[in-house]
Amino acid sequence: MKALISRRELLGLVVALHLACGASVFAGETATPISSIVGDPDSFNREFVTLKGTVTKVVSLGGNDGTNRPLCIQKFTLKDETGSIGVLYSSLCQVGEEKAMILAVGDSVLVEAIIDSPPDNIKSPKGGEYGVTVQARKVTRLEK
């Protein structure tokens with residue numbers, strides 16, 4: 001007898017419900033102080049963190065994903081009471097009726113991100129070090 005639903009379909013349904021409900025792998029996690037990451041980035045390499053702070057600088061960029069859908073890319077500086085750090089946030093500019101969040105200086109946000117701190121022996125094509133990258137997976141604007 002054939003199964004009513006395949007494993008792949010079930011997994012897709014679970015992921016869709018997870019996203020639709022706004023669930024997050026970061027739920028319940030407390031914010032990591034920015035000074036902890038700046039002070040010892042290697043201990044956070046490839047780790048998920050939650051950051052909370054105020055946007056102090058924003059640069060908006062454009063681009064496309066692999067299927068030529070427009071991306072809204074924002075580089076911003078996040079500041080908390082312990083320090084500040086640069087963050088990169090990329091999302092589809094529009095998904096159905098939902099438009100991408102555009103950040104502004106002064107926004108208070110919660111950032112769910114992954115930290116990338118490559119070893120010193122990995123150099124850029126120009127010979128420089130890459131440094132720490134904070135790649136936001138989700139940004140939530142907080143009430144003022």
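1. The largest nonpolar core has 20 residues, and Leu 51, Phe 76, Leu 78, Val 87, Val 111 and Val 139 have the most contacts inside it. By nonpolar core I mean a set of buried Ala, Val, Leu, Ile, Met, Phe, Trp, Tyr and Cys residues joined through side-chain atoms within 4.5 Å. Buried is under 20% relative accessible area, exposed is over 50%, and partly exposed is in between (1.4 Å probe, protein chains only). Two or more residues come from each of helix H2 (34–39) and strands S1 (48–64), S2 (70–80), S3 (83–92), S6 (108–116) and S7 (133–141). S6 gives the most to this core, with 4 residues. Helices (H or I, at least four residues) and strands (E, at least two) are DSSP runs, numbered from the N terminus.

2. A word on what we're looking at: this is a predicted model, where local features need pLDDT of at least 70 and side-chain atom pairs count only at pLDDT 80 or more, while totals for chains, interfaces and linings use all residues. Residues are numbered from 1 along each chain as its sequence is written, and side-chain values use heavy atoms, with hydrogens and water left out.

3. Val 87 deserves a click. Leaving aside residues up to four places away in sequence, Val 87 touches Gln 74, Lys 75, Phe 76, Leu 78, Val 111, Val 134 and Ala 136; contact here means heavy atoms within 4.5 Å.

4. Now the strand pairing, where two strands pair if DSSP finds at least two bridges between them. S1 runs antiparallel to S6, with 7 bridges joining them, and Thr 50 sits opposite Glu 112 in S6. S1 is also antiparallel to S2, through 10 bridges, with Val 58 partnered by Phe 76 in S2.

5. Next along, S2 and S3 pair in the antiparallel sense over 10 bridges. Gln 74 stands opposite Tyr 89 in S3, and the hairpin joining S2 to S3 goes through 2 residues.

6. Last, the disulfide (a pair of cysteine sulfur atoms within 2.5 Å). A search of the whole structure finds 1, joining Cys 72 to Cys 93 with S to S at 2.2 Å. Cys 72 lies in S2 and Cys 93 in the loop between S3 and strand S4 (94–95), so the pair ties together parts 21 residues apart in sequence. The S-S torsion is about 125 degrees, so this disulfide is right-handed. Cys 72 is buried, at a relative accessible area of 14%.
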